[in-house]
Structure formats: structure tokens, C-alpha cells
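Q: Could we walk through a structure together, one feature at a time? I would like to learn how to read each one.

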Amino acid sequence: MAQHAASPPLAHSRAGTVYLVLDDFGELGCAYRETDAAQADPKTVVADLLSGQYRHPLRVVAFNITEGWARDASADIARKVVTRARELDHDLPAAVRDFAERASA
């Protein structure tokens, strides 16, 4: 019987929680964006949203395989994005503003 190598950890955060953004690419459809495992954390997601890295973010999903859970983290991330934008006196990109409004409703 062949032995399989252990899977590498998905994230290097202390909690092992991974955050992925569902992005809308228009006619091409929606997809969870490719994310470096070491940068699948809330701080990076917020920074990427503020810098316009996403075309039209729809949702942020958080999951932790070790603990066996997944949840919609959109409202939490939206609050963090708005707070960080205010701290930096930074205008939100239109698509991120739409995301924050939808997630906060």
C-alpha cells in the first residue's frame, strides 16, 4: 500500500482560519480568488479590498478545517474595511463600497 504525504497546512495563522473572497467576473462568472496560504487572513483581505484587488467582491468566507467549521465572514470584513478606510482617510473603491453596504444590511 502506498503511503501518502501529509497535506501541508492551508494557512499559517495561529488559529488556522482561512479567508477567501468570492469575486464576480461578470460574463466569466464568479470564483473564489486564488490566495497565497500565508496571506489568507483578515488583515490581508482588508488590505486587498482597500487597494482594489477585487473586481466585484460578493462574499468573504472563513473556514477552519482543524476545528471543522465554515462561516460567512462578509459582515465582519466589511466592518473592518470601513474602519480601516476611515483610519487611513481612504475612499473605498466603488465595488468595495457596494460590498460593504450589502454585507452590512
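A: Gladly; let us begin with a hairpin. Strand 1 and strand 2 form one, with 5 residues between them. In that turn, Gly26 has a positive phi of about 65 degrees. Keep in mind as we go that this is a predicted model.

Q: Then how far should I trust the coordinates, and what is the mean pLDDT of the protein?

A: The general idea comes first: where pLDDT is low, the predicted coordinates should not be read in detail. Here the mean is 87, and 86% of the residues reach 70 or more. The stretch to treat with care is residues 1-13, where pLDDT stays under 50. For those residues the model has 9 contacts beyond four places in sequence.

Q: How many helices and strands does the protein have, and what pattern do they follow along the sequence?

A: There are 3 helices and 4 strands. Read along the sequence, they give β-β-α-β-β-α-α.

Q: In what order do the strands lie in the sheet?

A: Sequence order and sheet order are separate things to read. The 4 strands form an open sheet in the order 2-1-3-4, with antiparallel pairing. Strand 2 (30-32) and strand 4 (69-72) each have a single partner strand, so one side of each is left without a neighbour in the sheet. From one strand to the next, the twist averages 20 degrees.

Q: How many bridges join the strands, pair by pair?

A: Let us go across the sheet. Strand 2 is joined to strand 1 by 3 bridges. Strand 1 (residues 18-24) is joined to strand 3 (residues 57-64) by 6 bridges, and Tyr19 stands opposite Ala62 in that pair. Strand 3 and strand 4 share 4 bridges, with Phe63 opposite Ala70. The hairpin of strand 3 and strand 4 has 4 residues between the strands, and Gly68 takes a positive phi near 75 degrees there.

Q: Is strand 1 largely enclosed or left open?

A: For burial, the cut-off is under 20% relative accessible area. By that reading, 5 of the 7 residues of strand 1 are buried, so this strand is largely enclosed by the rest of the structure. Over the protein as a whole, 31% of the 105 residues count as buried.

Q: Asp23 is found in strand 1. Is Asp23 buried or exposed, and which side chain makes a polar contact with it?

A: Asp23 is buried, with a relative accessible area of 0%. Its side chain makes a polar contact with the side chain of Arg33 at 2.6 Å. A polar atom of the Asp23 side chain also lies 2.7 Å from the backbone nitrogen of His56. In the sheet, Asp23 stands opposite Ala31 in strand 2, while its bridge partner in strand 3 is Pro57. Its contacts beyond four places in sequence include Gly29, Cys30, Tyr54 and Arg55.

Q: What about Arg71: where is it placed, and what does its side chain contact?

A: Arg71 is in strand 4 and is partly exposed, with a relative accessible area of 35%. Its side chain makes a polar contact with the side chain of Asp76 at 2.9 Å. Beyond its neighbours up to four places away, Arg71 touches residues including Tyr19, Val60 and Ala62.

Q: How do I read the helices, and which residues of helix 1 are buried?

A: For a helix, ask which residues are buried and what they pack against. In helix 1 (residues 42-50), the buried residues are Thr44, Val45, Val46, Leu49 and Leu50. They pack against strand 1, strand 3, helix 2 and helix 3 (94-104). Check the ends too: at the start of helix 1, a side-chain oxygen of Asp41 reaches to within 3.1 Å of the backbone nitrogen of Lys43. Just after helix 1, Gly52 takes a positive phi of about 80 degrees.

Q: Which strands does helix 2 lie across?

A: Helix 2 (residues 74-88) lies across strand 1, strand 3 and strand 4. Relative to strand 3, helix 2 runs at about 115 degrees.

Q: Finally, what do the contacts and surface of the protein look like in numbers?

A: Among contacts between residues at least 6 apart in sequence, 61% join residues at least 24 apart. The protein exposes about 7,100 Å², and carbon and sulfur atoms supply 50% of that area.

Methods. Residues numbered from 1 in each chain as written. Heavy atoms only, no water. Pairing = 2+ DSSP bridges. Helix = DSSP H or I, 4+ residues; strand = E, 2+ residues; numbered from the N terminus. Axes fitted to C-alpha atoms, helices over the stretch in contact; angles between N-to-C directions. Contact = heavy atoms within 4.5 Å. Buried < 20%, exposed > 50% of the residue type's maximum accessible area, 1.4 Å probe, protein only. Polar contact = N/O pair within 3.5 Å; in protein donor to acceptor, adjacent residues only side chain to side chain. Areas by Shrake-Rupley, 256 points an atom, 1.4 Å probe, with all protein chains shown as cover. pLDDT = per-residue confidence, 0-100.
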